[in-house]
Each structure stands twice: as structure tokens, then as C-alpha cells.
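User: I'd like to learn how to read a structure like this one, step by step. Could you take me through it?

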There are 2 protein chains.
Amino acid sequence: MCNNGVVPTESSRVRSMNETRDRILDVALRVLGENPDAGMGDIASAAGVVRRTVYGHFPSRLDLVLALTERAVTEMRAVLTEVNASDAEADAAWVEFIARVWPVAHRYRVLLALRRGEYGEAIHGLLGPVDELLADLVRRGQDSGVFAQHLPAGILSQVAYGAVFAIADSDLSNGTLGARAATITSLLMLGVPETRAIALVGDQP
Amino acid sequence: MCNNGVVPTESSRVRSMNETRDRILDVALRVLGENPDAGMGDIASAAGVVRRTVYGHFPSRLDLVLALTERAVTEMRAVLTEVNASDAEADAAWVEFIARVWPVAHRYRVLLALRRGEYGEAIHGLLGPVDELLADLVRRGQDSGVFAQHLPAGILSQVAYGAVFAIADSDLSNGTLGARAATITSLLMLGVPETRAIALVGDQP
DNA sequence: TCTTCATTGCACACTGGTGTGCAGTCTAGT
DNA sequence: ACTAGACTGCACACCAGTGTGCAATGAAGA
């Protein structure tokens, strides 16, 4: 009786299991954001769970971080491909990109820190495709002349992207203002004139 | 007999001791630059010395890092105050600053990484005065209208400075070219128009 | 020659994190 | 009522790094 479909819902059992799994991931993101060197114990207790349970869901610390990274890649790639497919000018697309990717990327910004040291290799590998998409956007801007060419697209995109989150970190939490200033700064270093940059972000509410 | 002065030279004994001490510091800078998580053992063997000897000169790992930091602060402050005292326009002073501080700051760039996590507090404290000087320069530029004001001087200076070394790290080692591109990029994000930025770095050989 | 002392090579204790094993408990499906 | 299994609590073993203690070595200085 009951479900003969592919997703049996197996009801409350697996659902509550997925809930704790997701909760662990959510909490891990927050805890690691505050301290990238936090241990499994810290994450577990912050998630209201015992360390042993975390190992039940993620066999090793690396698996946990990787699961986090895959989540981030999925979300960011979605936004990035969509923005990239737009026929708008590259600088406008960049503004749109920052605005839309801001919440998700800000959540996962710890991955930028985790990218150096220990798991750097693995994370870098998973984040690679996202970097590609980003570089494509910048390259498009350089080809159409709206972005400067003092740096290759691959490096320029990374540095501009990094600057955005450097500002986000140092900022005094007033998110909207910080996002605005960060976007302007990134546009400036992409070679967009100040007047144009201000006009572009002015359009965004 | 012998020296009654304050600096007795005590000749070869203390000199060779200072040599190993300096060698340890030099090597530590290089090793930590390659891997900020390197241990005392790695540093010791890279310096051609036994781990126990390192502890003879630096009672703890923190002491070593702090000695490194003090060195960096001394050298950078010298350059920065000199540039800051110049009566040149702020954007020209910035170019001069990057050019002159480049070698030393690039050597000590690992401190930027060490600034987060573990010793972050102590390093931050020692580096504080340097940050102040840097912010002063940017503020001067903002007051005289050559730098943009989309960000407060304190944050803007840090982000611009950080971008310079992000480029240096990602760059393919061709130092001169990287330094040029990095300087242009930092000028752009400070709000200097592209033509003016290129003209400024063009003056520098 | 005799002394001093930086350096060595080992030993050790301590810490903090990782990952595993296993017997118990409590709950939701049957 | 019975059972599967997610979670717990505690036990381990293991590892890597830190910092210390101490006797031995060897070279520079008296």
C-alpha cells in the first residue's frame, strides 16, 4: 500500500533526519563564518546536537565543508548563468550580479577564507566553474569596451569580487549601504568611470 | 680591559647568535609565506637548525610572529611617514607609496593572512599605526578631491591596499608588470580616472 | 688549558582536534 | 507490542603541534 512513486516521502523519519542534516549545515556555515578554525565539536553543540551525530551525517570534516561548498556552487551558478545570459551591457549585468548574488555569496563568504589552507584544493576545484562564469562576464565587458584591460579577465574578476566581500566584512553591518559602496568600488576597479558607476547603481533600489 | 662602552661587540659569540636569530626570522617569513600554518619544526629545519634552538631564541610561536611583525612595522612606517610628509598630490603620493613599499610589504604579505585567526589580535594591534598612516594619506586625497568618497578613508585604504596584494599573489610572478597593474587597479578604486592613473604610473620607471 | 655558552639530540608531558566503536534510549512506523 | 534506526553518551586510539628538561658536544674566549 501507499506510495509506489519514486519519492516515497517515507514520511517523518527521513524528513526529520534531513532537517537535522540541514540544520547542521546551516549552523556550520554560521559558526565557521565566525571562526574558520572551529572544530566539529563547536559546530555540533551550536547545532544542539552531539559531536557523534555530526559524524553520522558527515563522515569527516572535509565532507561537511564540501557539502557546504556544493550548496554554494549550486546557488551561485544559478544566478550567474541567468545574469550572464542577459543581453544587457556587461557593466549593468555586473551590477545586477552583485545585487542578486549578494545575499547568497555573503552567506557563504567563509568559503573564501577556507579556500586557503587545508581543504583549499578541494574547495577551489568545486568553485572553479563559478570563477569561469565570472571571468566570462568580465571578459565580455572588456571585449565590448566598457571594462578596462589593465588585467586579464580571470584575475580582474577575482580581485573585484574579492574587494566586494572585503568591504562587506569590514563594513559596519548596514547591509544596503555597504552593498552600494561595494558595488561602486568594484565597478571603479573594473574601469567604469565614476559618473557611470553611480548612475548604474542609482538605478537599483 | 677591553670595551668599557655600552656596545661591547662581545665579538664573534653574540654576532653568530644574532646571525642565526636573523636567519630564523628570514626563513620563517618565507616558510610562513608559503604556508601560514607551518609549525616550528618546519621553520627550524628550513633554517638548518633544530627545533629546540628556535625555542631558544623565541620562547613561543607567538613571540616569533610578533618579532616578524615588529620588523615589518618598523620598515613600513619609515616609508609611509616619508611619503606622507611629501607635498605632492595624494594620488602621486599613493603611486610613490606603492612603488617604495612594494618590496617590503610583499615580503611581509603573510602577515595579512596571519591577521585573521589565532594571533590576529596581537598582530592587528602592532599593525594599527601603519593602518593609521595609510588612512591619513587616503583622507588627504579625499579632502583635496583627487580620491572618491564613496567609502570612508579607513575602509577604502584597507581595501585598496588589500587589492594590491591580492593581485600580487594571483599574479604569475612577473613582478614589475604585476606591480604596475596592481597600482593602476588601486588608483581606479580610489576614484582616480583611468587616463590620469595610467599617466601617473607611466612616470614611474 | 679551562670555562662559557650556543647548539644539539633526545626525552617527556600536555593540549586539542579527529575519527571510531558500542551499548543505551527514545520515537515513529508496522 | 514490536522493530528499525536516529540520536546520545561515553569510551577509546591516534595524530600533530607546542613547550620544557637535560645531558652531551664543540667552538670561541679567558
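User: How many nonpolar, polar and charged residues does the surface near DNA strand C have?

Analyst: First, the classes: Ala, Val, Leu, Ile, Met, Phe, Trp, Tyr, Cys and Pro count as nonpolar, Asp, Glu, Lys and Arg as charged, and the others, Gly among them, as polar. A residue is near a strand if its C-beta atom, placed from the backbone, lies within 6 Å of it. Here, the surface near DNA strand C has 6 nonpolar, 8 polar and 4 charged residues. Keep in mind that this is a predicted model, where local features need pLDDT of at least 70 and side-chain atom pairs count only at pLDDT 80 or more, while totals for chains, interfaces and linings use all residues. Residues are numbered from 1 along each chain as its sequence is written, and chains are lettered from A and ligands numbered from 1 in the order in which they are written.

User: Which residues are closest to DNA strand C, and which elements give two or more residues to the surface there?

Analyst: 18 residues surround DNA strand C, and the closest are A:Ser12, A:Gly39, A:Ser60, B:Thr20 and B:Thr53. For elements, helices (H or I, at least four residues) and strands (E, at least two) are DSSP runs, numbered from the N terminus. Two or more residues come from each of helix 1 (11–34), helix 2 (40–46) and helix 3 (51–57) of chain A, and from helix 1 (11–34) and helix 3 (51–57) of chain B.

User: What about DNA strand D: which residues come nearest?

Analyst: Of the 20 residues around DNA strand D, the nearest are A:Thr20, A:Thr53, B:Ser12, B:Gly39 and B:Ser60. At least two residues each are supplied by helix 1 and helix 3 of chain A, and by helix 1, helix 2 (40–46) and helix 3 of chain B. By class, the surface near DNA strand D has 7 nonpolar, 8 polar and 5 charged residues.

User: Which residues are buried in helix 8 of chain A?

Analyst: A residue is buried if 20 or more other C-beta atoms lie within 10 Å of its own, exposed if 12 or fewer, and partly exposed in between, with C-beta atoms placed from the backbone. In helix 8 of chain A the buried ones include A:Ile155, A:Leu156, A:Val159 and A:Tyr161. Across chain A, buried residues make up 32% of the 205 residues.

User: Is A:Ile24 buried or exposed, and what does A:Ile24 touch?

Analyst: A:Ile24 is in helix 1 of chain A. A:Ile24 is buried because 24 other C-beta atoms lie within 10 Å. Leaving out residues up to four places away in sequence, A:Ile24 touches A:Ile43, A:Ala47, A:Val49, A:Val54 and A:His57.

User: And B:Gly33: where is B:Gly33, and what does B:Gly33 touch?

Analyst: B:Gly33 sits in helix 1 of chain B. B:Gly33 counts as partly exposed because 17 other C-beta atoms lie within 10 Å. Not counting residues up to four places away in sequence, B:Gly33 touches B:Arg109 and B:Val110.

Definitions and conventions:
Contact = placed C-beta atoms within 7 Å.
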